[in-house]
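Subject: Structure handover and findings

Hello,

Here is the structure I said I would pass on. Please look at it first and then read the notes below it.

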Amino acid sequence: MTYEHELEIERPPEDVYAFLSEPENLPRWQSEVLEVRRESDTRFREVRTFVGRRIESTLEVTAAEPGREFS
């Protein structure tokens, strides 16, 4: 599944990257995310609601280039 979210933020790119590259911040900007737990340096467990159901999934950071890419 591919999930995209886009919005404009009036902050320097390095500030935005620092915030978004911490998966624990997901509940602060995605209302459907209930919690995020770190499993390792690159793996996280996410709990969110999706079409009224509670869904758990594993997120893995596969690329990180400060200020440019986080996927």
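The notes below go from the overall fold to single residues and their contacts.

This is a predicted model, in which local features need pLDDT of at least 70 and side-chain atom pairs count only at pLDDT 80 or more, while totals for chains, interfaces and linings use all residues. Residues are numbered from 1 along each chain as its sequence is written, and side-chain values use heavy atoms, with hydrogens and water left out.

Overall fold

The protein has 2 helices and 5 strands; helices (H or I, at least four residues) and strands (E, at least two) are DSSP runs, numbered from the N terminus. Along the sequence the pattern reads α-α-β-β-β-β-β. The C-alpha trace spans about 35 × 25 × 20 Å along its principal axes. Of the 71 residues, 20% count as buried; buried means under 20% relative accessible area, exposed over 50%, and partly exposed in between (1.4 Å probe, protein chains only). Contact is used below for heavy atoms within 4.5 Å. Among contacts between residues at least 6 apart in sequence, 17% join residues at least 24 apart.

Core

The largest nonpolar core has 5 residues in all: Leu-26, Val-33, Val-36, Phe-44 and Val-61. Such a core is a set of buried Ala, Val, Leu, Ile, Met, Phe, Trp, Tyr and Cys residues joined through side-chain atoms within 4.5 Å. Apart from neighbours within four places in sequence, Leu-26 is in contact with Val-33, Val-36, Glu-46 and Leu-59.

Is Glu-46 buried or exposed? Glu-46 counts as buried because its relative accessibility is 4%. Glu-46 belongs to strand 2 (residues 43-50), and strand 2 is also the place of Arg-48. The side chains of Glu-46 and Arg-48 make a polar contact at 2.9 Å. A polar contact is a pair of N or O atoms within 3.5 Å; within protein, one must be able to donate a hydrogen and the other to accept it, and residues adjacent in sequence count only if both atoms are side-chain atoms. Beyond its neighbours within four places in sequence, Glu-46 has contacts that include Leu-26, Val-33 and Val-36.

Arg-48 is buried as well, with a relative accessible area of 11%. Two further polar contacts join its side chain to those of Gln-30, at 2.8 Å, and Glu-32, at 3.3 Å. Arg-48 also lies over the face of Tyr-3, at 5.0 Å from the ring centre. A charge sits over a ring if NZ of Lys or CZ of Arg is within 6 Å of the ring centre and within 35 degrees of the ring normal.

Salt bridges

Side chains of opposite charge can pair when their charged atoms come close. A search of the whole structure finds 11 salt bridges, each defined as a side-chain nitrogen of Lys or Arg within 4 Å of a carboxyl oxygen of Asp or Glu. One of them joins Arg-38 and Glu-24 (3.1 Å, N to O). This pair links distant parts of the chain, 14 residues apart: Arg-38 is in strand 1 (residues 33-38) and Glu-24 in the loop between helix 1 and helix 2 (26-29). Arg-38 is partly exposed at 41% relative accessibility, and Glu-24 is partly exposed at 31%.

Arg-37 forms a salt bridge with Glu-35, the closest N and O atoms being 2.7 Å apart. Arg-37 also forms one with Glu-56, at 3.5 Å between the closest N and O atoms. Glu-56 lies in strand 3 (residues 53-60) and Arg-37 in strand 1, so this pair ties together parts that are 19 residues apart in sequence. Through shared partners, salt bridges join Glu-35, Arg-37, Arg-45, Arg-54 and Glu-56 into one network.

Aromatic pair

How many aromatic pairs does a search of the whole structure find? The search finds 1. Rings of Phe, Tyr and Trp (its six-membered ring) pair if their centres lie within 6.5 Å; planes under 30 degrees apart count as stacked, over 60 as edge-to-face and the rest as tilted. The rings of Tyr-17 and Phe-70 have centres 6.3 Å apart and planes at 85°, so the pair is edge-to-face. Tyr-17 in helix 1 (residues 13-20) and Phe-70 in strand 5 (residues 69-70) are 53 residues apart, and the pair links distant parts of the chain. Tyr-17 is buried at 14% relative accessibility, whereas Phe-70 is partly exposed at 33%.

Regards
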